[in-house]
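User: I am new to this structure and would like to understand the terms used to describe it. Please go through them with me.

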Amino acid sequence: MGKGSRSKGCCGWIIVICIAALVVTAVVLYLKSKQHHHSSATKPGSIDKNYAQALSISMQFFDVQKSGKLKNNKIAWRGDSALSDGKGANLDLSKGMYDAGDHMKFGFPMAFSATVLSWAILEYGDQMASIKELDHAQESLKWITDYLVNAHPSKNVLYVQVGDPVIDHKCWERPEDMTENRPLTQVNKTSPGTEVAAETAAALAAASLVFKSSDSSYSDLLLKHSRQLFTFADTYRGSYSKSIPEVQSYYNSTGYEDELLWAAAWLFHATGDGSYMTYVTTENGKAFADWGRPTWFSWDDKRAGTQVLLSRTSFFNTKLSSKAENVGLQKYKETADAIMCGLLPKSPTATTSRTSGGLVWIDEWSALQHPISASFLALVYSDYLLTSQTKSFTCNGESFTTHDLRNFAIEQADYILGKNPMKLSYLIGYGSKYPTQVHHRGASIPKDANTGCKGFEWLNSDAPNPNVAVGAVVGGPFKNDSYIDRRTNIMQAEPSTYTSSAMVGLLSGLVTTSSVPRTFS
Ligand SMILES: *[C@@H]1O[C@H](CO)[C@@H](O)[C@H](O)[C@H]1NC(C)=O
Ligand SMILES: *[C@@H]1O[C@H](CO)[C@@H](O)[C@H](O)[C@H]1NC(C)=O
Ligand SMILES: *[C@@H]1O[C@H](CO)[C@@H](O)[C@H](O)[C@H]1NC(C)=O
């Protein structure tokens, strides 16, 4: 062997070593990436202390809002209330939750709160469990679903309201001291309420999944009511805003079509029954889903939620049997992409409805409802992409990733928790500075004040609330990022149960590095 061949041999060895090194590196990287996916798809990573604390606080608002005979009550200034609700119809409607700062039980937003809370538990139950809040969330949910089941005494009758807002609003008192009449309002075959019946069906279907493994007979009961309510809603189509015009002043519904799809989508997930998938993907989808057009998710409008929930099926499930259904399903997914594109600030189709502090801002009433709900959807969608190992999605040809969606949700959450021009946390009880005059009767009146119905001096007082409505998310800032901390400033200062449900969803998704289960059952 001459010099040449030796050096050639040496060079050959170097190549072999280099290739071997490359192969080893590639294998290690591959395994690492696998491991990463594996661990992130099965159990949550390290806990973010701030979001964990915010989540625990947020969850307490459900305890603040509870009606009925309380169990293990942890809110010192709350007690039993409304124990006779439902008596007029021989029903026990004592449970459930007060809607906001007053003592009405409005079925339409209450059911929506339960649907969203169920969804949060289904996607992020592991994250809740990692900070020992899962039982709390399930117990809060059951407080509403127990009420909803009792409010549905026969197939085609659903009680949708306890209390008369006109009578209720003439009083300012603690719920524990209420003595005024609390009439019941129902929808039925002759006075239908498709949106409220369908939303209740959605809530009970979603909750049936939550309780499936822990309490299968309760889960079955919820599902039975859900199916019946969906049939009632779909068979006797009509808006409760038309049947009972009085509701227009409070929770006016702009249409029931979205709730029919939303309910059917949840029933599909809860039962696996293909007829519900056919329902949403074929004629009803074409007629009602507003494919291609982004919308805002709220107690009145479930389209965006439905687009995202049904995308779950295209991300994780095998193909559906029929071509028409696959086409419909794809349209939901494309619309969900369009919704996400609207949220991302750098997307070519980004919404311009933002404050200069960066908050998505759609409505001056309960301004925070929209950024919170939109961020919850963004987080869920981002985790669908992550869990299904979908690298990106496009907005008018530009590519975006799960990180962009998660960052959007983080920015909105951080704004709400105090990173805003007011340096104010809009979550009551969180951080060093938060509103002191939340528009909330129970929080505004000292426990021992005997006001009777007319405790209005506590509404009009300029002193901070004597009780902290812990976990409340107030209505939120103006478009100019400012906030006026006055109890009479209802538009900004009133919290709601449905905003808290979405907040719980958002924070649960942020507690740890995230992923979602591939299937609910
Ligand atoms: C059906 O509901 C309407 C609206 O709430 C109510 O006025 C009517 O009395 C109900 N019908 C029956 C038979 O109870
Ligand atoms: C309630 O919504 C319907 C449908 O969008 C609308 O026509 C009606 O004017 C609304 N009512 C009130 C009081 O805003
Ligand atoms: C912000 O907007 C609100 C509502 O439009 C207005 O009342 C308030 O004066 C504005 N505040 C500032 C600081 O501009």
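This is a predicted model: local features need pLDDT of at least 70, side-chain atom pairs count only at pLDDT 80 or more; totals for chains, interfaces and linings use all residues.

Analyst: Lys105 stands opposite Val162 in S2.

User: What makes strand S1 (105–106) and strand S3 (184–187) edge strands?

Analyst: Three strands form an open sheet in the order S1-S2-S3, with antiparallel pairing. S1 and S3 each pair on one side only, and so they are the edge strands. S2 and S3 pair over four bridges, in the antiparallel sense, and Leu158 has Val187 in S3 as its bridge partner.

User: How do you know that S2 is mostly covered?

Analyst: A residue is buried if its relative accessible area is under 20%. In S2, five of its five residues are buried, so the strand is described as mostly covered.

User: Why is Asp80 called partly exposed?

Analyst: Asp80 has a relative accessible area of 30%. Buried means under 20% and exposed means over 50%; the value for Asp80 lies in between, and therefore the residue is partly exposed. Asp80 lies in the loop between helix H2 (49–64) and S1.

User: Which residues does Asp80 contact, leaving aside its neighbours within four places in sequence?

Analyst: Asp80 is in contact with Gly68, Lys69, Leu70 and Glu176. Asp80 and Ala449 are 369 residues apart in sequence and 16 Å apart in space, C-alpha to C-alpha.

User: How do you know that helix H15 (residues 369–387) and helix H16 (residues 402–416) are roughly antiparallel?

Analyst: Their axes come within 8 Å and cross at roughly 150°. Angles over 145 degrees count as roughly antiparallel, and therefore H15 and H16 are described in that way. The crossing of H15 and H16 is left-handed.

User: Which residues take part in the contact of H15 with H16?

Analyst: On the H15 side they include Pro371, Ile372, Leu379 and Asp383. On the H16 side, Leu405, Arg406 and Phe408 are among them. The residues of this contact divide into twelve nonpolar, four polar and two charged.

User: What makes H16 oblique to helix H20 (residues 497–510)?

Analyst: The axes of H16 and H20 come within 11 Å and cross at roughly 120°. H16 passes H20 in a left-handed crossing. Arg406, Ala409, Ile410, Ala413 and Ile416 in H16 meet Met503, Leu506, Gly509 and Leu510 in H20. This contact divides into seven nonpolar residues, one polar and one charged.

User: Why do strand S4 (residues 392–395) and strand S5 (residues 398–401) count as a pair?

Analyst: S4 and S5 are joined over four bridges in the antiparallel sense; at least two are needed, so the strands pair. Cys395 stands opposite Glu398 in S5. The hairpin of S4 and S5 has two residues between the strands, and there Asn396 takes a positive phi near 45°.

User: Which residues form the covered face of S4, and which the uncovered one?

Analyst: Phe393 and Cys395 form the covered face, whereas Ser392 and Thr394 form the uncovered one. In a regular strand, side chains alternate between the two faces of the sheet.

How values were computed: Residues are numbered from 1 along each chain as its sequence is written. Chains are lettered from A and ligands numbered from 1 in the order in which they are written. Side-chain values use heavy atoms; hydrogens and water are left out. Axes are lines fitted to C-alpha atoms, for helices over the stretch in contact, and angles run from 0 to 180 degrees between N-to-C directions. Angles under 35 degrees count as roughly parallel, over 145 as roughly antiparallel, 65 to 115 as roughly perpendicular and the rest as oblique. A crossing is left-handed if the near helix is turned anticlockwise from the far one by less than a right angle, and right-handed if clockwise. Contact means heavy atoms within 4.5 Å. Ala, Val, Leu, Ile, Met, Phe, Trp, Tyr, Cys and Pro count as nonpolar, Asp, Glu, Lys and Arg as charged, and the others, Gly among them, as polar. Buried means under 20% relative accessible area, exposed over 50%, partly exposed in between (1.4 Å probe, protein chains only).
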